[in-house]
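Hi there,

Here is the structure I promised to send over.

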Amino acid sequence: MITIDTSTAVGTLVGATGVQGLAGLTFVPPRQSGGQIAVHPSHAEFGNVLVGESSAPVAITVRNVGTTSLTVTAISDPGPPFILNNLPSLPLVLAAGEVATFEAVFTPVQAGEAAGVVTIASDDADDPEVQLSLTGYGIVPGVSLAFSSVRIVDNAGNQDGIANGAEQMDLPAKLRNNGTEAALGVQATITSTSPYVTIYGNNANFGTVATGVSEERYGWYMRVAEGTPEGTEIVFTVTITASNAGPFTDSFAIITGPPLPAGGPLVLESVSVIDAAQTLAEAESYLRQ
Ligand SMILES: [Ca+2]
Ligand SMILES: [Ca+2]
């Protein structure tokens with residue numbers, strides 16, 4: 001018999017079955033038989049690279065961590081702006097424990113984010129295809145500001161992160177400076193011609209945005225019209241200005257979810273005593289004030 005003090009035990013039981021309830025211990029299933037593929041890294045990040053130049057190569061390793069041979073049958077081409085070099089000839093048979101290495105290089109052709117995927121196919125029974133993602137940013141001389149993304153913060157509404165009719169929300173905006181120089185005095189302003197939105201705050205003040213970074217700021221604040229049908233597209237035009245560059249323009253759209261009930265969501269901001277004699281309608285009316 002083995003006695004384990006579970007209050008102090010930390011470790012791993014390999015291949016254990018039928019053992020349960022030991023706090024602090026992790027159970028790892030028995031090692032699978034056959035060829036087993038392991039690709040490292042699963043995500044290759046190239047960072048900021050000048051447009052027209054090439055990144056340092058990132059080594060990608062394919063290892064057979066199984067007990068018998070593994071046959072790699074395909075390594076897909078991610079396409080520009082990513083290039084794979086020193087690829088093994090296929091099919092590639094790796095003995096148990098054997099490793100093959102190739103390289104990925106990023107050569108951006110334009111400013112901004114680029115993403116790609118490499119799919120590696122093999123006869124690994126439970127991982128017939130393994131995907132490796134590639135990301136990098138092209139940067140250009142000077143200042144180059146771009147709208148990246150926006151979030152919907154509907155804390156005053158139903159808090160589902162989706163714009164609903166009759167809901168007020170903040171839209172914190174993310175910008176990126178894809179230039180080699182810092183952007184100064186950066187502001188981002190929105191307009192919309194949609195009848196479904198009223199914009200109360202249209203300007204997000206970013207101040208300085210350093211080279212090759214993303215920043216998020218609040219300042220865009222609006223209400224979606226009551227009864228706006230689900231699936232309505234509301235388009236915004238973004239104008240980004242800086243004291244030393246620009247302006248830069250872009251646009252984005254939000255798609256609305258189901259409208260909230262007439263009168264908007266109930267938000268209880270303080271606890272009040274509601275008289276038991278009040279009707280539900282009176283109580284709701286009180287809460288909306
Ligand atoms: Ca596997
Ligand atoms: Ca919402």
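**What I found**

Let's start with Glu-226, which is partly exposed because its relative accessibility is 47%. Before we go on, keep in mind that this is a predicted model.

Glu-226 has a partner: its side chain meets that of Arg-223 in a salt bridge, at 3.8 Å from N to O. Arg-223 counts as partly exposed as well, at 25% relative accessibility.

How many salt bridges does the structure hold? There are three. Another one is between Glu-215 and Arg-217, whose side chains come to 3.4 Å, N to O. Glu-215 is partly exposed at 24% relative accessibility, and Arg-217 gets the label partly exposed at 27%.

Then there is the salt bridge between Glu-216 and Arg-151, at 2.9 Å from N to O. Glu-216 belongs to strand S17 (residues 214–217), while Arg-151 sits in the loop between strand S12 (145–150) and strand S13 (168–170), so this pair ties together parts that are 65 residues apart in sequence. Both ends fall in the partly exposed class: Glu-216 has 28% relative accessibility, and Arg-151 has a relative accessible area of 40%.

Is Asn-164 buried or exposed? Asn-164 is buried, because its relative accessible area is 2%, and the cut-off for buried is under 20%. Ile-162, on the other hand, is partly exposed at 38% relative accessibility.

Next, go to strand S14 (residues 173–177), which is where you will find Asn-177. Four of the five residues of S14 are buried, so the strand is largely enclosed by the rest of the structure. Asn-177 counts as buried, since its relative accessibility is 0%.

What does the side chain of Asn-177 meet? One of its polar atoms lies 2.9 Å from the backbone nitrogen of Gly-179. A polar atom of the Asn-177 side chain also lies 2.8 Å from the backbone oxygen of Glu-181.

S14 pairs with S12 in the antiparallel sense over five bridges, and here Arg-176 of S14 is the bridge partner of Ala-146. S14 also runs antiparallel to S17, joined by four bridges. Arg-176 turns up there too, opposite Ser-214 in S17. And have a look at where the Arg-176 side chain goes: its charged end sits over the ring of Tyr-137, 3.4 Å from the ring centre.

**A hairpin**

Further along, strand S19 (residues 233–242) and strand S20 (residues 245–255) pair in the antiparallel sense over nine bridges. The two strands form a hairpin, with two residues between them. To get your bearings, find Thr-237, whose bridge partner in S20 is Ser-251.

**Aromatic rings**

Finally, the rings. A search of the whole structure finds eight aromatic pairs. Among them is the tilted pair of Phe-46 and Phe-82, at 5.7 Å centre to centre and with 40 degrees between the planes. Phe-46 is in strand S4 (residues 43–50) and Phe-82 in strand S7 (residues 82–85), so the pair ties together parts that are 36 residues apart in sequence. Both Phe-46 and Phe-82 are buried.

Trp-220 and Phe-252 make a stacked pair, 5.8 Å centre to centre, with 5 degrees between the planes. Trp-220 comes from strand S18 (residues 220–224) and Phe-252 from strand S20, so this pair links parts that are 32 residues apart in sequence.

Cheers, and enjoy exploring!

Note on methods: Residues are numbered from 1 along each chain as its sequence is written. Chains are lettered from A and ligands numbered from 1 in the order in which they are written. This is a predicted model: local features need pLDDT of at least 70, side-chain atom pairs count only at pLDDT 80 or more; totals for chains, interfaces and linings use all residues. Side-chain values use heavy atoms; hydrogens and water are left out. Buried means under 20% relative accessible area, exposed over 50%, partly exposed in between (1.4 Å probe, protein chains only). A salt bridge is a side-chain nitrogen of Lys or Arg within 4 Å of a carboxyl oxygen of Asp or Glu. Two strands pair if DSSP finds at least two bridges between them. Rings of Phe, Tyr and Trp (its six-membered ring) pair if their centres lie within 6.5 Å; planes under 30 degrees apart count as stacked, over 60 as edge-to-face and the rest as tilted. A charge sits over a ring if NZ of Lys or CZ of Arg is within 6 Å of the ring centre and within 35 degrees of the ring normal. A polar contact is a pair of N or O atoms within 3.5 Å; within protein, one must be able to donate a hydrogen and the other to accept it, and residues adjacent in sequence count only if both atoms are side-chain atoms.
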